[in-house]
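User: Please take me through this model one question at a time. Start with the terms for accessibility and the basis of the numbers.

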Amino acid sequence: MAEAEVPEVPAFDVPSRLLGKDGRPAPHVNADKYKSDYPQSIDNTDEFFGKLGKELIDWDVPFKTVRSGGFENGDVAWFNEGRLNAAYNCVDRWAHKYPDRVAIIYEADEPGQAQEITYSQLLVQVSQAANMLKSLGVRKGDTVIVYLPMIPEAVVSLLACARIGAIHSVVFAGFSADSLRDRTNDCGARVVITTDEGKRGGRNIATKSIVDAALKECDKVEHVVVVKRTGGQVNIDEKRDIWWHEACSRERAYCPPESMSAEDPLFILYTSGSTGKPKGVVHATAGYLFGTALTLRHVFDVHPDKGDRFACMADVGWITGHSYIVYGPLMNGVTTLVFESTPVYPSPSRYWEIVDQHKLTQFYTAPTSIRLLRRLGDEHVKKHDLSSLRVIGSVGEPINPEAWHWYNDNVGRKECAIVDTYWMTESGSIMITPLPGATKTKPGSATFPFWGIKPVLLDPTSGEVLEGNNVEGVLAIAQPWPSVARTIFGDHQRFLDTYMRAYKGYFFTGDGAARDKDGYIWIKGRVDDVINVSGHRLSTAEIESALIQHPGVAETAVVGIPDEVTGQTIAAYVTLKPEFSYDSEEALTKELVIQVRRNIGPFAAPKKIIIVSDLPKTRSGKIMRRLLRKCASHDTDNLGDLSSLADPSVIDHIKEKTNAFDKK
């Protein structure tokens, strides 16, 4: 892509619900505006984002410098000199202006238990929670661990931390005690917020028990705040544990917001990398808020004055939940949905019942859910009124064309815009995406870059930029954007090595991509040792580390293979210590699954664990994982060059064991 140029966006028929008729608003952006604004965002960045920064954020002290620094030294900064408070921008300004507007729709695990919280009510709840945290000694710059299911208190907790200048670190409530322990210790948190239990898909989840187990090895934690969700029996340590509702009810219903520097950290979110140790990605306050606010407004075409109700079906434990359940919607003053359950509980109609009941206007979910619901039949969708929807989106991985068409035909009724969005934990907000009313889509393509994002495709070996169309390479970003992560907590060198140094002068996404003959971008998946399962990024090294802790395991190699529902799934090949004895392979593989569940969480459990006598290695001892991927997915017709294998016969053994496993 040439400097400040965008591909010629083809003319197309704008979806009928975006034509500005029948009381629906016309889109913020059309093709002409995108083509004129995108070059401005790249070439005249300070002017372009400086103007928008003043519009989207209420500042305590205005910024003077729009941006400084760069990828070379990892010193990116935006809106320097500016001061603000995230909670004020997300809550107070709307509570003062529209006190009765619904801020949160809480859709509980069981149908029929929905609750609505207005902006004025949210301000009270956030203030009381903020004062409660202050009473526990939490101050500006302290880190608070949030280990909560999808309940309103999860949103309140994040905003309460932001209100007093504390840094929140959400740990997905599906993570194990070991994973929670490691993250809690890494960020040095003294306070953990959790529930007595969680509820999901009709089952109770023992969140407090998991926290208790984790904190046996977390010496710094002084307080555990427990939200009463189910009323289930839990252990309460009188010296350490307090009940959320009792503590908050004692506090004043207003807490003055702490004025923060634009570059003060807002949160730490741990994400898997290509080594076993998760990375605590740090996002700065102003740039992150700006990115989520701008992308939500334009990618999903939200119109607060038209009563838009935005639904992101992710979990707040991941970046998608941070950006598009909490900060993006609330920065725009719209209504956001907090969904506690699953897409199939108590029936595969659950999503569509919610859209119908709450008259949702935007709907954002993962291709995994779309593929699952497609398999379960069209009848679950067709019986519901989905006419309130204008924009439907997908996130987490590229959506396959079959799922895209089903989503378009059955959910959008061929009348909505579909936005297939590409971004990552480290980007903070959406980077490559269609814009409703502006972009002609191609099923499976993320299409074109958002404002301020300058993508390049690089030759993976030389690092040279691949110009023109019909090329495929490593995806990198050529210049900083406001919501890019600032560092890895406690390890800036790792941040530089991972993102800034792989290809000097560029931000390395870790993904491969192609640009087709029309300039459309297609994401091809990870080029490092990270597996994307249902939109969850999992490190192969982290799973291998969990498996190797089993007393019988000598060596293991984990790979990702295609799966028609989850996108990718996990396959593990394991060799055993010579002296280790066991009753049966079936019993042993169950033990190994439990090992991974205990160390990381249920979502990381391998679908295949295959016991083998040896792994394919080069003469220097390096495991050839590409051969394991081919064996695990039965793609063995062309294994490529095997000349570097120390023992080529091991491949036939692995193929035989894989075939036997899959026939069970």
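Analyst: Buried means under 20% relative accessible area, exposed means over 50%, and partly exposed is in between (1.4 Å probe, protein chains only). The model is predicted: local features need pLDDT of at least 70 and side-chain atom pairs count only at pLDDT 80 or more, while totals for chains, interfaces and linings use all residues. Residues are numbered from 1 along each chain as its sequence is written, and side-chain values use heavy atoms, with hydrogens and water left out.

User: Is Asp385 buried, exposed or partly exposed?

Analyst: The relative accessible area of Asp385 is 37%. That value lies between the limits of under 20% and over 50%, so Asp385 counts as partly exposed.

User: Which side chain meets Asp385 in a salt bridge?

Analyst: A salt bridge is a side-chain nitrogen of Lys or Arg within 4 Å of a carboxyl oxygen of Asp or Glu. For Asp385 the N to O distance is 3.8 Å. The partner lies in the loop between helix 11 (350–358) and strand 18 (362–365), 26 residues apart from Asp385 in the loop between helix 13 (379–382) and strand 19 (391–394); helices (H or I, at least four residues) and strands (E, at least two) are DSSP runs numbered from the N terminus.

User: How many residues lie between the parts that the salt bridge of Asp516 and Lys442 ties together?

Analyst: The closest N and O atoms of Asp516 and Lys442 are 2.8 Å apart. Asp516 is buried at 13% relative accessibility, whereas Lys442 is partly exposed at 21%. Asp516 lies in the loop between strand 24 and strand 25 and Lys442 in the loop between strand 20 (417–420) and strand 21, so the pair ties together parts whose separation in sequence, in residues, is 74.

User: How many salt bridges does a search of the whole structure find?

Analyst: Some salt bridges are linked in a network, one of Asp178, Arg181, Asp182 and Glu217. For the whole structure, the number of salt bridges found is 36.

User: Which strands stand at the edges of the open sheet of four strands?

Analyst: The order is 21-22-24-25, with antiparallel pairing; two strands pair if DSSP finds at least two bridges between them. Strand 24 (residues 507–515) and strand 25 are joined by five bridges, and Arg515 stands opposite Ile521 in strand 25. Each edge strand has a single partner strand, so one side is left without a neighbour in the sheet; the edge strands are strand 21 (455–458) and strand 25 (521–526).

User: What is the angle between the planes of Trp481 and Phe507?

Analyst: Rings of Phe, Tyr and Trp (its six-membered ring) pair if their centres lie within 6.5 Å; planes under 30 degrees apart count as stacked, over 60 as edge-to-face and the rest as tilted. Trp481 lies in the loop between strand 22 (471–477) and strand 23 (487–488) and Phe507 in strand 24, so the pair ties together parts that are 26 residues apart in sequence. Trp481 and Phe507 are both buried. The pair is edge-to-face, with 5.3 Å centre to centre and an angle of 85°.

User: What handedness does the β-α-β unit of strand 6, helix 5 and strand 7 have?

Analyst: Four bridges join strand 6 (residues 143–146) to strand 7 (residues 167–170), and the two run parallel. Val146 has Val170 as its bridge partner in strand 7. A crossover is right-handed if, with the strands pointing away from the viewer, the path from the first strand over the helix to the second runs clockwise. With helix 5 (residues 152–164) between the strands, the unit is right-handed.
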